[in-house]
Amino acid sequence: MQSDIKRLSLILLFAPFALWIFLLIALPHIGMVILSLREKVAPRVYEFGFGNYIDFIQEPIYWNTLLRTGSMSILVTFLALLIGFPIAYYIAKIAGNRSKGALFLLCLIPLWVSDLIRAFGWILLLRETGVASSFLLWTGAINEPIEFLYNDVTVVVGLVYTVILFMIVPLVSTLDGMDDAMVEAGYNLGGSGFTVLRRIIIPYAMPGIVSGCIVVFMLTAGSYLTPILLGGKNSSWFTEQIYDQFITRFNWESGAAFGFLLLAFTSLVVWLGLKLTGQTLANTVAKS
Amino acid sequence: MTVTDTPDLECTAVCKDFGQVRAVDNVSFQIPKGSFFSILGPSGCGKTTLMRMIAGFEDPSSGDIEIKGKSVLNTPPNKRNVKMVFQHLALFPMMNVYENIAYGLRCVGTDKATIDQKVKDVLERIALPDVGNREVHQLSGGQKQRIAIARCMVLDPDVLLLDEPLGALDLKLREAMKIELKLLQHQFNTTFIYITHDQSEALVMSDHVAIMNEGRFEQIGRPEELYHAPKTAFVAGFVGDSNRWSGKVSAVEGGKAKVTTDAGLQMLCQKRDGSDLSAGQSVNIYVRPEFISAKRADTGAAGDLNAIRGKVDSVLFNGANSRVLVRGPSGELIEADVVVTGSDSDLRAGDDVALSWSDQQTMCFAT
């Protein structure tokens, strides 16, 4: 009797999660797999086959776009880590208890504004008639208005801005758990500032670094708005290809295949990253 | 002073202010080579601040700190040959035991073979030869303690600072570690400075103890000096247990002061060197429980002793440290050590007793 109730409550508690996983994650993906493995042989006639994947390999522009998306995402992740780490360290270790909360809140503020509005904010700043260009004209530093939009630098800057928060949050929570005495012990035993950073702070923060990097990389590689709006047609982001296949060309089979390729590619990069840094998901993401 | 007897550590008039608060106030002391020195004080007395200044994590507002005769005021913490065992040890959890100990040696650029040898040696000296490959979380509390000490000692420091390192251990282990620390100190023959609020730790292990209160050193001395000849009322009250009465000096004659307590009891106390008591002064009197003898009232007390009659309120049995609480004539509770033998002659609650103690054991401080 008692065990029946226990089992029932477990089932009830578990049900929403199971439904969510099954209906919103598993089922659509199964549908996508089936879709991506259909080849169009004649109008409304389909056959099972790997044609969509073969098309991808045979057309350099596709896999170039995927590689470009991947490498730029890695760059964005790296920059977010580089900029985010000192900020997180300051919030977690140097700022006083009261300013800690305020600073953390300041980091969260951009999240209250939608991605779209934030991207348009950048456009207002960086377009030919925008704030930056007008200001430079006014100071006399340039003679003609400059278009800052629609290049890779802008895309990277915009992406770093969008995702850096997801780097800072796990870093702050990991660094917060570090005893100050550990850093002091590092100095006390003769370590220089660099040694303490390299041998103590970074290894300690590794779970936060890895989980932040994974989240940021996945978000960047899968982002659509920021690269399109800030990079225009030049951005060649892979999500744009997927969108094209689905919406413009109405080629759902190929779009589904591309979607899967993106998932496989980003998973591969994350796996490689974990291997190279000698970390596992269990002792990093699960811990932080 | 010749080179050989340069103290390992000397502080001269060290002060530290945090805003308006003076955390450490004009502290001066010397620690001779190879001794075990404790700084004992209640929490918030400034002992941790003092230690952090010696380690270099805080700069003194004024005064000088010398290690082996050289001022270290402008030396950053990582260049001082003062190592520290932190309160929660601060072992590096991402490194194994070997790496923890080797960390300091790597920082000074020791070559690999020497590191291997030194780590092996120090692990043998702390009697944990086989733990090199273990992770920190696999060690017991006492083992972690010893690794934290080994991690410092492998660097051969001039002074080792210990910041209440036994606080996190359970009672039994704490007792064992007290003895072990003392033995380790003898073995390494390095100067240990031990910070604690636990007087039994300080008294058991130390060659010298400084009692600190509100940023000042109240008294520096050997443990038995502090216990038997406290210089200030704070030391008398803080070190060991004592019964306290407040009162006024009614007369001073022949090196002895007669004191009338607030409750009207008469007590005689020996004047100590350097103290000046005069009639009419208000004083606090401290008497340790082990110097008070409690006997059944019918046996009577000797003439020249301080004596009080009372009734046993309760017997606190604790083996060799058993005590009686006696309700005195004015209702106060007085503690006295007794021997509980388990026979009929033991004191029981409700017995009338005569308490007596000698004037020599009556410590009197002007308030």
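The model is predicted, so please read every value below as computed from it.

**Chain A at a glance**

Chain A holds 12 helices and 2 strands. Read from the N terminus, its elements follow the order α-β-β-α-α-α-α-α-α-α-α-α-α-α. The C-alpha trace of chain A spans about 80 × 75 × 35 Å along its principal axes.

Two packed helices are described by the angle between their axes and the distance between the axes.

| Helix pair | Angle | Axis distance |
|---|---|---|
| α2(A), residues 51-58, and α12(A), residues 252-277 | about 70° | 9 Å |
| α1(A), residues 2-36, and α12(A) | roughly 120° | within 7 Å |
| α9(A), residues 193-221, and α2(B), residues 97-107 | about 160° | 12 Å |

Let's start with α12(A), which takes part in two of these rows. At an angle of about 70°, α2(A) and α12(A) are therefore roughly perpendicular to each other. Their crossing is right-handed. On the α2(A) side the contact uses A:Asn52, A:Tyr53 and A:Phe56, while α12(A) brings A:Glu253, A:Ser254, A:Ala257, A:Phe258, A:Phe260 and A:Leu261. Sorted by class, that contact has 6 nonpolar, 2 polar and 1 charged residues.

Now for α1(A) and α12(A), whose axes cross at roughly 120°. That angle makes α1(A) oblique to α12(A), and the crossing is left-handed. From α1(A) come A:His29, A:Met32, A:Val33, A:Leu35 and A:Ser36; from α12(A) come A:Trp252, A:Glu253, A:Ala256, A:Ala257, A:Phe260 and A:Leu263. The residues of this contact divide into 8 nonpolar, 2 polar and 1 charged.

**Where chain B meets chain A**

The size of an interface is often given as the accessible area lost when the parts come together. For chain B and chain A that area is about 1700 Å², with 64% of it on carbon and sulfur atoms. The contact draws 24 residues from chain B and 18 residues from chain A. Three residues deserve a look on the chain B side: B:Asn78, B:Met94 and B:Tyr103 supply 33% of the area that chain B buries against chain A, more than any other three residues.

B:Tyr103 also turns up in the helix pair that spans the two chains, α9(A) and α2(B). With an angle of about 160°, these helices are therefore roughly antiparallel to each other, and α9(A) passes α2(B) in a right-handed crossing. In this contact A:Thr195, A:Val196, A:Arg199 and A:Ile200 meet B:Glu99, B:Tyr103, B:Arg106 and B:Cys107. The classes here are 4 nonpolar, 1 polar and 3 charged residues.

**Salt bridges**

Side chains of opposite charge can pair when their charged atoms come close. Between chain B and chain A the count is 2 salt bridges. The side chains of B:Glu99 and A:Arg199 form a salt bridge at 3.4 Å, N to O, and both residues belong to the α9(A) and α2(B) contact.

Over all chains, the count comes to 28 salt bridges. One within chain B pairs B:Arg216 with B:Asp25, their closest N and O atoms being 3.1 Å apart. This pair links distant parts of the chain: B:Arg216 sits in strand β10 (residues 216-221) and B:Asp25 in strand β2 (residues 21-31), 191 residues apart.

Technical notes. Residues numbered from 1 in each chain as written. Chains lettered and ligands numbered in written order. Heavy atoms only, no water. Axes fitted to C-alpha atoms, helices over the stretch in contact; angles between N-to-C directions. Helix = DSSP H or I, 4+ residues; strand = E, 2+ residues; numbered from the N terminus. Parallel < 35°, antiparallel > 145°, perpendicular 65-115°, else oblique. Left-handed = near helix turned anticlockwise from the far one by under 90°. Contact = heavy atoms within 4.5 Å. Nonpolar A, V, L, I, M, F, W, Y, C, P; charged D, E, K, R; others polar. Buried area = accessible area lost by both parts, 1.4 Å probe. Salt bridge = Lys/Arg side-chain N within 4 Å of Asp/Glu carboxyl O.
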